[in-house]
Amino acid sequence: GIKLAQGEIMEYYARLQKGMSNPLETESLRAQMNAVQSAMHAAKGFKDIHHNKNELLQSGNDLKFGQFARFSSLLSERLGEMSDLLARKDEGSALVAPLKGLLDGIQEDYNRQLQSIFVEAERDSLLEKDISMLQNMNRELYSSHKSMVYAIAEFALPEAEREELVGAPVMMR
């Protein structure tokens, strides 16, 4: 469904773009399209780990269930923050600092979760397949959260600030 929706949106975007001659409208439309693409990327990432979430949720292993609880808490917290920032979309440039702070927090979440996985791996508390699954989930959540922040930036920020924020280095370590 995500791919179909993205294809339909891209098709509509191409038709709209053909009839546009005003550079400001063209730039605004491009930014909106970038926001949609970033949001679609995030949705696909969330979809890709859905089966992993179910496995953790249904696990009788307290450690795996604890990882599920941590991922769920992070997801809820970050999506709440993003929702709050999106509600402030009319503030424009004033959102740059909170969005940068959110990107920093997402990086910290990723690093903290990765470290937690490594600690449990060193203790031999997890099977190899579970270690791989948790690392994948952590990476997908990181990527999806970052994509959502980029979608908000494309949707709410003036062009110069969008370029500054979306071009900011946020690397997985």
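**Salt bridges in the predicted model**

Glu27, Arg30, Glu154 and Arg162 are linked in a network of salt bridges, a salt bridge being a side-chain nitrogen of Lys or Arg within 4 Å of a carboxyl oxygen of Asp or Glu. The structure is a predicted model, in which local features need pLDDT of at least 70 and side-chain atom pairs count only at pLDDT 80 or more, while totals for chains, interfaces and linings use all residues. Residues are numbered from 1 along each chain as its sequence is written, and side-chain values use heavy atoms, with hydrogens and water left out.

By the rule stated above, the count comes to 12 salt bridges. One of these joins glutamate 27 to arginine 162, with 2.4 Å between the closest N and O atoms. This pair links distant parts of the chain, since glutamate 27 lies in helix H2 (residues 23–48) and arginine 162 in helix H7 (residues 159–166), 135 residues apart; helices (H or I, at least four residues) are DSSP runs, numbered from the N terminus.

Glutamate 27 counts as buried because its relative accessibility is 18%, and arginine 162 counts as buried at 7%. Buried means under 20% relative accessible area, exposed over 50%, and partly exposed in between (1.4 Å probe, protein chains only). Arginine 162 also forms a salt bridge with glutamate 154, at an N to O distance of 3.3 Å. Both glutamate 154 and arginine 162 are buried.

A further salt bridge is formed by the side chains of lysine 129 and aspartate 130 (3.5 Å, N to O). Lysine 129 counts as exposed, at 51% relative accessibility, whereas aspartate 130, at 3%, counts as buried.

Note on methods: Helices (H or I, at least four residues) and strands (E, at least two) are DSSP runs, numbered from the N terminus.
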